[in-house]
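Please consult the sequence and the structure shown below.

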Amino acid sequence: MTEYPALNLPEARLPLRESGGRWQVLCLLRQRWVRLTPEEWVRQHFCRYLVSGLGYPRTLLANEQQLSVGEKRLRCDTVLYDRHLRPRMIVEYKAPTVPVTEQVFRQVVAYNIVLHADYLVVSNGLTHYCCQMDYVGGHHRFLTAIPPYATIVQKESVAGS
């Protein structure tokens with residue numbers, strides 16, 4: 001198996017297997033075996049961090065969500081939905097060797113034109129950025145950390161009051 005780097009995320013023991021000469025990982029959210037790539041290495045660690053470390057319900061997270069923008073088909077890496085199935089967060093992953101650049105952020109912003117989520121996250125497993133959108137004020141702000149699920153739910157409750 002190709003060695004994958006340690007990430008700036010809590011260590012996770014990923015279920016791995018070899019099939020047809022290729023390594024696969026059991027996807028936490030899709031509950032099926034998928035090809036292990038450097039980006040998938042990041043996705044699986046990050047999803048486990050969201051669920052185990054930050055309390056995100058696995059049932060409200062979805063990997064590889066397809067979107068349509070006109071004739072164009074896009075695919076979000078991970079989307080967090082609220083209990084009313086409204087998108088709350090979009091997460092875009094890159095391989096650890098891919099720097100997180102403005103171009104990467106443009107990609108997640110393009111997805112957000114359709115989804116209108118409250119949080120945009122980009123990670124290559126080593127560097128993570130989280131941006132909170134303020135649609136009323138017409139601006140955004142970068143957070144120092146990804147908020148725990150309880151914080152997002154609390155904001156949802158306040159907004160729904």
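In this predicted model, three strands form an open sheet in the order E1-E2-E3, with antiparallel pairing. Strands pair if DSSP finds at least two bridges between them; helices (H or I, at least four residues) and strands (E, at least two) are DSSP runs, numbered from the N terminus. Strands E1 and E3 stand at the edges with a single partner strand each, so one side of each is left without a neighbour in the sheet. Direction ignored, neighbouring strands are turned by 40° against each other on average.

E2 and E3 pair in the antiparallel sense over three bridges, and Leu26 stands opposite Trp33 in E3. Helix H1 packs on the sheet, touching E2 and E3 (contact: heavy atoms within 4.5 Å). The direction of H1 makes about 15° with that of E2; axes are lines fitted to C-alpha atoms, for helices over the stretch in contact, and angles run from 0 to 180 degrees between N-to-C directions.

| Element | Residues |
|---|---|
| Strand E1 | 16-19 |
| Strand E2 | 22-26 |
| Strand E3 | 33-35 |
| Helix H1 | 38-53 |

H1 also gives two or more residues to the lining of the second largest pocket, as do strands E8 (128-134) and E9 (139-143). The largest share, three residues, comes from E8.

Residues are numbered from 1 along each chain as its sequence is written. Local features need pLDDT of at least 70, side-chain atom pairs count only at pLDDT 80 or more, totals for chains, interfaces and linings use all residues, and side-chain values use heavy atoms, with hydrogens and water left out.
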